[in-house]
Amino acid sequence: MVELLKKVRNSVNILSSLTPVVKEKVILDMAKFLDSFRAEILLANDNDIKAAKLANLPFAMIERLKLDNKKIDAMISSLEMTAALKDPVGRVIDGWINADGLKIEKIAIPIGVICVIYESRPNVTTEVASLCFKSGNAVILKGGKEAFNSNKAIVKVIKTALKNNGVDENAVTFIESTERSVTEELIKYDNFIDVIIPRGGESLVRFVSENSRIPVIKHDKGLCHIFVDESADFDEALAICKNAKTQNPSACNAVETVLVHKNTAAKFLPALRKNLQSVKIYGSKKAQDFIKLDGEADFEREYLDFALNIDVVSGVDEAISHILKFSSHHSEAILSQNERNIEKFLNSLDSACLYVNASTRFSDGFQFGFGAEIGISTNKLHARGPVGLNELTTYKYIVRGNGQIRK
């Protein structure tokens, strides 16, 4: 492991010398080879899916694991968009001249070596590799065993692109062992790795956060909420709630709890029930006064499935209190035409993404225009929300003088 990590660390120096043109060419080659090796990747993924079903893995995990031609097309588009983005390295974040005449510039630089530990989604492999490469970072990929064959096939594509452009293949390193003990070992090497990004289930994120010697950017669970105010546009609110729950229920930005104002509950909840016929609806005792429920709500649970919690609240204050109690600080939305309530909602909550009259499903790097994302960070330091290219840089100060000394 130490020898492997030394090679990864040494590759950082090579990455720092690459021009934006070379980086763009490599990522476009990743897209080209991804298309060329499409059949091989889909075959590997099919083997993973069969094994996942035999192992009786949860529905949400299998859905995240699946690849098809449409998803590979999306992976190619994401790579092409990332290639076209402005290189973040060398960006002048700020600059000024101080009282002594020193010219001070704050310049964006790569973080160094990033280790991403993730589960299920094999498309994460190309997103993470391309974003880290574009931002001048070497990356260590530690995928879950359920996606091992898919990830290995995709990494082959990435390394082919690196090799064809004369770039050190250690810049993207895939850990082939799926043992938990390897993860335990990796998160101790603070002399080789600069940051750990766990992207997966709650247990993985908690384990890494509690045991790592290395700084962690958490991509925690998505206990997302929507508050339907009494002033909300009725049809618009129905459409948003349906989209947020059913468009991709296994995504971390899918809504898990809808809070409905008591003055609109009698009309809105039956209509919502009718619009979500494929969804199991769990609710509080207050909610069962308005619709038939499939069971009692578990407001601490991230379903990642066709399941939804419902509660009835007295107004924006109670909605805020509920969210503060149960939220994972990922994404929340208010559906309202009342500007006072909207501003109170926005000012009272500190989740990474807050929406007004829109679906929580937009919490996504691609949708935000970042090209792709490492994930959705629920951290309060360094990076929050969709983590794209700029969030994968840190900075240094360059100070230019002409003989100044401090008095």
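Is His329 buried, partly exposed or exposed in this predicted model? His329 is partly exposed, with a relative accessible area of 26%, where buried means under 20% relative accessible area, exposed means over 50% and partly exposed lies in between (1.4 Å probe, protein chains only).

Residues are numbered from 1 along each chain as its sequence is written. Because the model is predicted, local features need pLDDT of at least 70 and side-chain atom pairs count only at pLDDT 80 or more, while totals for chains, interfaces and linings use all residues, and side-chain values use heavy atoms, with hydrogens and water left out.

View 1. His329 has a phi of about 65 degrees although it is not a glycine, and His329 sits in the loop between helix H12 (316-326) and strand E12 (331-335); helices (H or I, at least four residues) and strands (E, at least two) are DSSP runs, numbered from the N terminus. Asn56, likewise not a glycine, has a positive phi of about 55 degrees and belongs to the loop between helix H3 (38-54) and helix H4 (59-65). Asn56 counts as exposed because its relative accessible area is 67%.

**View 2. The packing of helices H2 and H5.** Two packed helices are described by the angle between their axes and the distance between the axes. Helix H2 (residues 20-36) packs against helix H5 (residues 69-84) at an angle of about 170 degrees, with the axes 8 Å apart; axes are lines fitted to C-alpha atoms, for helices over the stretch in contact, and angles run from 0 to 180 degrees between N-to-C directions. H2 and H5 are therefore roughly antiparallel to each other, since angles under 35 degrees count as roughly parallel, over 145 as roughly antiparallel, 65 to 115 as roughly perpendicular and the rest as oblique. Among the residues that meet are Ile27, Leu28 and Ala31 in H2, and Ile72, Met75 and Leu79 in H5, contact meaning heavy atoms within 4.5 Å.

**View 3. Ser120, a buried loop residue.** Ser120 lies in the loop between strand E3 (113-118) and helix H6 (123-134), and Ser120 counts as buried because its relative accessibility is 2%. When residues up to four places away in sequence are not counted, Ser120 touches Met61, Arg64, Leu65, Glu146 and Ala147.

View 4. A salt bridge is a side-chain nitrogen of Lys or Arg within 4 Å of a carboxyl oxygen of Asp or Glu, and a search of the whole structure finds 16 of them. Glu3 and Lys6 form one, with their closest N and O atoms 3.6 Å apart, and both residues lie in helix H1 (residues 2-15), three residues apart, about one turn of the helix. Lys152 and Glu176 form another, with their closest N and O atoms 3.8 Å apart. Lys152 lies in helix H7 (residues 148-164) and Glu176 in the loop between strand E5 (172-174) and helix H8 (180-186), so this pair ties together parts that are 24 residues apart in sequence.

**View 5. A nonpolar surface patch.** Ile93, Trp96, Tyr395, Tyr397 and Val399 make a nonpolar surface patch of about 490 Å². Patches are made of residues with over 30% relative accessible area and no salt bridge, like charges being joined within 9 Å and nonpolar side chains (Val, Leu, Ile, Met, Phe, Trp, Tyr) within 5 Å, and accessible areas come from the Shrake-Rupley method with a 1.4 Å probe, where for residues only the protein chains shown count as cover. Strand E1 (92-97) and strand E16 (393-400) each supply at least two residues of the patch, and E16 gives the most, with three residues.
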